[in-house]
Amino acid sequence: MSETTEKEELLLVGEKSFDSALVQVYTTPDKLKLYVSVHPTMPGSAIRTSVDHISMVIESVAVGSEPDRNVLENVVATLARGEDVEHRRVARGEPTTPGRDGRVVLLVQQFCAPGKQRQCSEVVDARFIKSFDNVEKGMTFARVMPPAPGKPGRDVFGKPIPPPMGKSAEFRHDDTIALGMEGGVEVLSSKLDGYLTETEKGYHIEHNLKIEGDVSYRTGDIDFIGNVEITGDVQRDFTVAAKESLGVTGNVAHGKLRCRRGNISVGGYVLGDSFTGFTVGEHTNEQMLQTLLVQKEAQVQCAGDFSASILDGASIEALGNVTIEKEARNSSLRTRGSIRGSSARVYGGDLYAVCGIEVLELGNSAGAATFVHACSDVESSAEYANLSDKINGYLSAEQMLEMQLGVLVKEPERLAKLSPTHRANVQKMLKKLQEIRVARAELEAKRTELLSTASRNSSFRVNVLGKAFSGVTILAGEQRFFVEEDINGPATIEHFPETGEFKVGSLRPLECGTDQAKPAKTAE
Amino acid sequence: MEIAQTSFGVVDARFLSRSVGLLNPPLAVSVSESEVIERVLFELRNHKIGCVLVTDEQGELVGIFSERDVVLKVSLCSYDLTTTPISEVMTPNPQTIRPTDSVAHALHMMSIGGYRHLPVVEDDGMIVGLISVKDLVDYVAQTVSKDLSKA
């Protein structure tokens, strides 16, 4: 039987008569509240009873309950006045606490569009604003935390009420993400390099980063392990590094570009800080000279091809070919391929190439000192490139290990004072250091041997489609060719290493000689 | 072909700005605040860990108990280890860090705050894991090793 108070529905648990009264015991459907009604058999007659007695009656009907004695005192007083007791709450249970729902916890920062990211108080350099974390292939970037059990309750009869479990996490993801288990917890990991974002399909790892606008204080430096596209400019002192490819629609004014594996293209100009010469005077001391002579890190470095519209004071290093659309002035260009610009004017600065140069105009009517350096086939080979890189890598590794080991390198007797585990680790590192030194020495010997066999391409060609101006110098080893009078194109200035001669003749296509002399990036 | 890495600039702006979550903080062992000290010491030994998180009945973080607390508060003191609850010797209301906070911030907290362990906690209090000084040191060492192995 159910009744209702003003606020809630009540279910009759039972009833019992005593002392000329009827006791009815009710509970709420959730059994968290116990109510009592007491009606004298003779309406209006006073009933003399005690708290203990009425408590005993209630407990005999609602076994296990513990009525509140303070409330029962009031019930007893009410009955003594000859009044009915109607739906008095005498006991209360403990409700359950629902468990926390499961959910996905991100371990990395999801991509946030530049300008909208929150300001991190931990940023120590305002140029470096973290818009996202690089997520490498195979990396765990999120955990699916399971739902937690809640806290059990207790009904008015003293029986425990099991808590409701939280709901499992619901999420979606696309095929760029894999599910796995770590430490008994479900985790999400990436199937490719990129940044984490959300699309209509759910979580997604994006391999291509597009920056709308400039790379500036709004974005901070960019370092991304996929492809990068910038629709604006790269502003002064900012660096953009991409692993696969890098494209800038606008200009790069004193900014830096790096691409570890692929090509770099700049739609506008690249403006750098290169200087072409200096005058040494009587007040130039050794330290100043060394400072001036220190080779500065190139402004642009890429493993593939590089292309831009205009270069001004820029320093470019590319393992692939360099293409200039309009002009390169006072710049340093180094490539293991060729430098091309069928509509380009190149004057001032230094050009280093293995496979030749073909431009519209070389030098200018003002006689700007322009140097073209012919590099050897060995320097173009993948083997030489790999060797040089490995030697540099070994050297850096050696220096890093020496730094870590510190005094233990020169004073191995100190090893005896270390704990056995520590000593074993240090001995492994010392062994590694020795192996690196031996390996580096072998590689250096190999490189020396290679260089001793170096020969130029069967010919090195500098093609001018328009004109080569006086002031241009072409260097090939010890041989030099000065353009004393303007050379009208189309023409080829060709160097023959075997004879050491330079010849000016009709236009001939650039060649890269034998397979050995092909640009390094294609001879992997 | 790749441009080889010839410098090992581990501690630079890029490294410092990485999220702490990238260190994959291990799941923390939690104990109830009513658990007795002896039982908690048993957990430390069994799991071979230096720290446990202390939670209330709702699972919310209320404290942290580490080897340091063992040395400073438990040893040579007259606590009955079998009856004293851990809440009496834990460090209450510990500083926490979010998974997307930076490595720089974690280093700052540990250095300036003197903490060797930092619970990794979401904004609403959900415990994600626990990061220690050793985790940071291991991460630096691994990064260097990765660079060395490329050489």
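View 1. A:Glu402 is partly exposed, with a relative accessible area of 30%. Here, buried means under 20% relative accessible area, exposed means over 50%, and partly exposed lies in between, using a 1.4 Å probe and protein chains only. A:Arg437 also counts as partly exposed, at 30% relative accessibility. The side chains of A:Arg437 and A:Glu402 meet in a salt bridge (2.5 Å, N to O). That term stands for a side-chain nitrogen of Lys or Arg within 4 Å of a carboxyl oxygen of Asp or Glu. This pair links distant parts of the chain, with A:Arg437 in helix α7 of chain A and A:Glu402 in helix α5 of chain A, 35 residues apart. Through shared partners, salt bridges join A:Glu398, A:Glu402, A:Arg437, A:Arg440 and A:Glu444 into one network.

A note on what you are looking at: this is a predicted model, in which local features need pLDDT of at least 70 and side-chain atom pairs count only at pLDDT 80 or more, while totals for chains, interfaces and linings use all residues. Residues are numbered from 1 along each chain as its sequence is written, chains are lettered from A and ligands numbered from 1 in the order in which they are written, and side-chain values use heavy atoms, leaving out hydrogens and water.

**View 2. A:Glu398 meets A:Arg440.** In this salt bridge the side chains of A:Glu398 and A:Arg440 come together at 2.7 Å, N to O. A:Glu398 lies in helix α5 (residues 382-405) of chain A and A:Arg440 in helix α7 (residues 420-452) of chain A, so the pair ties together parts that are 42 residues apart in sequence. Helices (H or I, at least four residues) and strands (E, at least two) are DSSP runs, numbered from the N terminus. Are these two residues buried or exposed? Both A:Glu398 and A:Arg440 are buried.

View 3. The side chains of A:Asp312 and A:Arg329 meet in a salt bridge (3.0 Å, N to O). A:Asp312 sits in strand β23 (residues 306-312) of chain A and A:Arg329 in strand β25 (residues 322-335) of chain A, 17 residues apart. A:Asp312 counts as partly exposed at 22% relative accessibility, and A:Arg329 counts as partly exposed at 24%. Over all chains, a search of the whole structure finds 25 salt bridges.

**View 4. An open sheet of four strands.** The order is β6-β7-β11-β10 (chain A), with antiparallel pairing. Two strands pair if DSSP finds at least two bridges between them. β6 (103-106) and β10 (177-182) of chain A stand at the edges, each with a single partner strand, so one side of each has no neighbour in the sheet. From one strand to the next, the twist averages 30 degrees; axes are lines fitted to C-alpha atoms, and angles run from 0 to 180 degrees between N-to-C directions. Six bridges join β10(A) to strand β11 (residues 185-190) of chain A in the antiparallel sense, and A:Leu179 has A:Leu188 in β11(A) as its bridge partner.

**View 5. Parallel partners of β26(A).** Nine bridges join β25(A) to strand β26 (residues 339-353) of chain A, and the two run parallel. Here A:Ala328 has A:Val346 in β26(A) as its bridge partner. β26(A) also runs parallel to strand β27 (residues 357-362) of chain A, over five bridges, with A:Arg340 opposite A:Glu358 in β27(A). Strand β28 (residues 370-374) of chain A pairs with β26(A) in the parallel sense over five bridges; there, the bridge partner of A:Asp350 is A:Phe371.
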